Amino acid sequence: MKERLSKKEAQKLMQMPGNVRGGVILANLEFIRQKAGQSEMGRVQERLKEMGIAFNLKELKPMEFYPEALSVLTVLLVKEILNLDDNGVFEMGKAGIKLSLFIKTLTKYFISLRQCFEESPRYWQKHFDFGELEPIELNEERKYAIIRIKGYKYHPIMCLYHRGYFLQIAELVLGRSGASIEETKCVHKKDPYHEYIIRWK
């Protein structure tokens, strides 16, 4: 039997502060629509209602702010409905870039890998009203970059999602696939922040 998100867990998430642009949530909904069709996309709305969350997903606007908890819930519900494994959640994170308006921002403003790395805090602040993304080290000769996310502790599933999300950004800026990403520190493992190292050839 596949695991179902409980009403108690959903309500607990909704009490957490912090907001994100609607484009992130819309990309997750588009992911389930492409994978399983409009009817399965509607099941996300049904499950939210079952858990006492009165929010109409059809009213989402890409550049408006909504609770990050709602974004996390859509990831959890898409995982539940599509019965995704860890790799499936990772792929959903990658699709978050491919299916959202954010990719237009990247291609418009980020010309080089170093520019993307240095501008990443502003990119985060433009789309989230909490937490921070900190660029730690970029070594173009040895081909790796280290970034940190501070002030983000919603649900462990987002570690997988963000791995896919950041890897897709890196591959987009590098102009090729084949990069890898590892989470070396995690707040859910009692570290003070999330830390990711991205490597490429």
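How many bridges join strand β3 to β4? Seven bridges join β3 (residues 132–139) to β4, and the two strands run antiparallel. The model is predicted: local features need pLDDT of at least 70, side-chain atom pairs count only at pLDDT 80 or more, and totals for chains, interfaces and linings use all residues. Residues are numbered from 1 along each chain as its sequence is written, and side-chain values use heavy atoms, with hydrogens and water left out.

**Strands**

- Strands (E, at least two residues) and helices (H or I, at least four) are DSSP runs numbered from the N terminus, and two strands pair if DSSP finds at least two bridges between them.
- P135 stands opposite I147 in β4.
- β3 and β4 form a hairpin with four residues between them, and K143 in the turn has a positive phi of about 60 degrees.

**Aromatic pairs**

- Rings of Phe, Tyr and Trp (its six-membered ring) pair if their centres lie within 6.5 Å; planes under 30 degrees apart count as stacked, over 60 as edge-to-face and the rest as tilted.
- The count by this rule is 10 aromatic pairs.
- W124 and Y152 are edge-to-face, because their ring centres are 6.4 Å apart and their planes stand at 80 degrees.
- This pair links distant parts of the chain, 28 residues apart: W124 lies in helix α7 (residues 113–127) and Y152 in the loop between β4 (144–150) and α8 (157–174).
- Y165 and F166 also form an edge-to-face pair, with 6.0 Å centre to centre and 85 degrees between the planes.
- Ring pairs link W124, F128, F130, Y152 and Y154 into a cluster.

**Burial**

- Buried means under 20% relative accessible area, exposed over 50%, and partly exposed in between (1.4 Å probe, protein chains only).
- W124 is buried at 3%, and Y152 is buried at 3%.
- Y165 is buried at 6%, and F166 is buried at 7%.
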